[in-house]
Amino acid sequence: MILGQVSWLDCLVFLIFLAPQLIFRVGFFPTLFCGLRALPFLLIKLPLGFIHERFFLSRDQRTPFVQQASWFEDIVVRCVRYAFAYIPANIGRVFFSKPVSLPFLRFRMLRHGYLRSPIHWHEVKQHNFKGIWIINDESRQPDIVIYYAHGGGFSMGSSYFYLEFLLSFLYLLKTEGSFRNPAIFALEYTLVPDSAYPTQLHEAIAGYKYLLAITRDASKICVSGDSAGGTFILSLLLHLASTSKQQAKVEKAARRRSFVFTDDKGGEIIHEDGILSVAENGKTNGHQNGTLKPTHRERTALPGMAALISPWTTLISPLDVDTSSDYLCARSLHQYALQYAGSKISIDDPIISPGNCTSSELWQKATPERGFFVMYGGEEVFAPEIKKLLRRLREAGCKVRSKEEERGIHAWPIACLFLSSTSEERLKGVRTSVQAIAEGMRSGKS
């Protein structure tokens, strides 16, 4: 199912769905004050900045993104840039919530002649995770499952906001990726500040094991995600690799119904939250010295492939610098990162900030059988850290392919599906990802 470009009518309807939810979930006066604070931007800065750059600067003088963007894309990205920097997350998260996103999708479907989705999807709710299951034919076994974790800075976003993108993704996997019965499971993880680490990683692990039970073959699973979702996917892979590395000793201790004792001298440690932390030397890294931790581990196979879009590889980095093109704000990002880390773990620990993992051995163990495919924008805030991780993976001998979108901004393959005017431009990023996944998943063992 491929819908058309978001129109001004769609924007109006979106605001109609949004307004009552903001009043109900945030409150009338906080919503009012937020709107009043935005007026100078909407009435003065936005139009003046747009007119100045569009009509008084030559093309070469414009920011790299504006050089290629349509008027509509330009205006929307300017608004998103303001929102990311100045609108509180408790208000921003309402924009992407299920009560707003789902009726908006249904309106867009109706506008395009769909009374109901032509592709089956339903909610999955388990005691330790939840999400959305999307499949071409629910009566048959899937031949590929995309395990997708959405972005949103840990504090915003939902699988329902991504649902149109995911339905388009699945449609192209079927029609252009040549998969007979593709499926997608979108993880609906807990946002901050409702909960911090390790809740989200626990949910990601539980969701992955759920898919293993469905497919009974890890090689059929391609883990994927964008932005903060990419962080969870990389953390999941490092967790699986760490667990595998320590498996022999853990199983031995478990058979003795014993414990693993560790201290700050470089021994093993099992977090009280049940997740192995990863040190730079590839060993487990403890945070509580001289404590006894019970060990319970199951051997879990790695997925067949990983396909990431603009992954947030390092939570806080001096390389994160605002760009003239991107809509991300490094200051806000670092604030969200600290909320995600919470009080149980260091913000620099590689299990939550995978870009800090420098162990070639561990990355080799964490690399899926058919490798990584990473898409990112050349102008996005995360670009330097993404390039840094790609270099590290290649130096470690890991199988990795990448696509840098020239003048591209953060998660543009997703945003352009809604904003770009031509069908070719709207589907360009999704098609690139589908093609890479099809080639990778069908390439056999490396």
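The accessible surface of the chain comes to about 19,300 Å², and carbon and sulfur atoms account for 56% of that area. These values were computed from a predicted model, in which the chain has 15 helices and ten strands. Of its 446 residues, 56% count as buried. Among contacts between residues at least 6 apart in sequence, 79% join residues that are at least 24 apart.

The largest nonpolar core has 123 residues, and those with the most contacts inside it are Tyr-147, Phe-165, Trp-363 and Ile-437. Helix α9 (residues 228–245) contributes the largest share of this core, namely nine residues. When residues up to four places away in sequence are not counted, Trp-363 touches Leu-234, Leu-238, Pro-354, Cys-357, Phe-372, Leu-389, Arg-392, Leu-393 and Cys-398. Another core, of 14 residues, lies apart from the largest one, and includes Phe-14, Leu-22, Val-100 and Phe-104. In soluble globular proteins, nonpolar side chains tend to be buried together.

Strand β1 (residues 120–125) runs antiparallel to β2 and is joined to it by six bridges, with His-120 standing opposite Ile-135 in β2. The two strands, β1 and β2, form a hairpin in which four residues lie between them. Strand β2 is also joined by five bridges to strand β4 (residues 182–187), again in an antiparallel arrangement, and here Gly-131 stands opposite Leu-187 in β4.

Side chains of opposite charge can pair when their charged atoms come close, and 14 salt bridges were counted in the model. One of them joins the side chains of Asp-74 and Arg-78, with an N to O distance of 2.7 Å. Because Asp-74 and Arg-78 are four residues apart in helix α4 (residues 71–86), they are separated by about one helical turn. Both Asp-74 and Arg-78 are buried.

A further salt bridge, at 2.8 Å from N to O, is formed between the side chains of Glu-164 and Arg-108. This pair links distant parts of the chain, since Glu-164 lies in helix α7 (residues 163–175) and Arg-108 in helix α6 (residues 98–111), 56 residues apart. Glu-164 is buried, with a relative accessible area of 4%, and Arg-108 likewise counts as buried, at 0% relative accessibility.

Lys-387 forms a salt bridge with Glu-404, in which the closest N and O atoms are 3.7 Å apart. Here too distant parts of the chain are linked, with Lys-387 in helix α13 (residues 383–395) and Glu-404 in strand β10 (residues 400–405), 17 residues apart. Lys-387 is partly exposed, with a relative accessible area of 31%, and Glu-404 is also partly exposed, with a value of 37%. Finally, salt bridges that share partners join Asp-10, Arg-108, Arg-111 and Glu-164 into one network.

Technical notes. Residues are numbered from 1 along each chain as its sequence is written. This is a predicted model: local features need pLDDT of at least 70, side-chain atom pairs count only at pLDDT 80 or more; totals for chains, interfaces and linings use all residues. Side-chain values use heavy atoms; hydrogens and water are left out. Two strands pair if DSSP finds at least two bridges between them. A nonpolar core is a set of buried Ala, Val, Leu, Ile, Met, Phe, Trp, Tyr and Cys residues joined through side-chain atoms within 4.5 Å. Buried means under 20% relative accessible area, exposed over 50%, partly exposed in between (1.4 Å probe, protein chains only). Contact means heavy atoms within 4.5 Å. Accessible areas come from the Shrake-Rupley method with a 1.4 Å probe; for residues, only the protein chains shown count as cover. A salt bridge is a side-chain nitrogen of Lys or Arg within 4 Å of a carboxyl oxygen of Asp or Glu.
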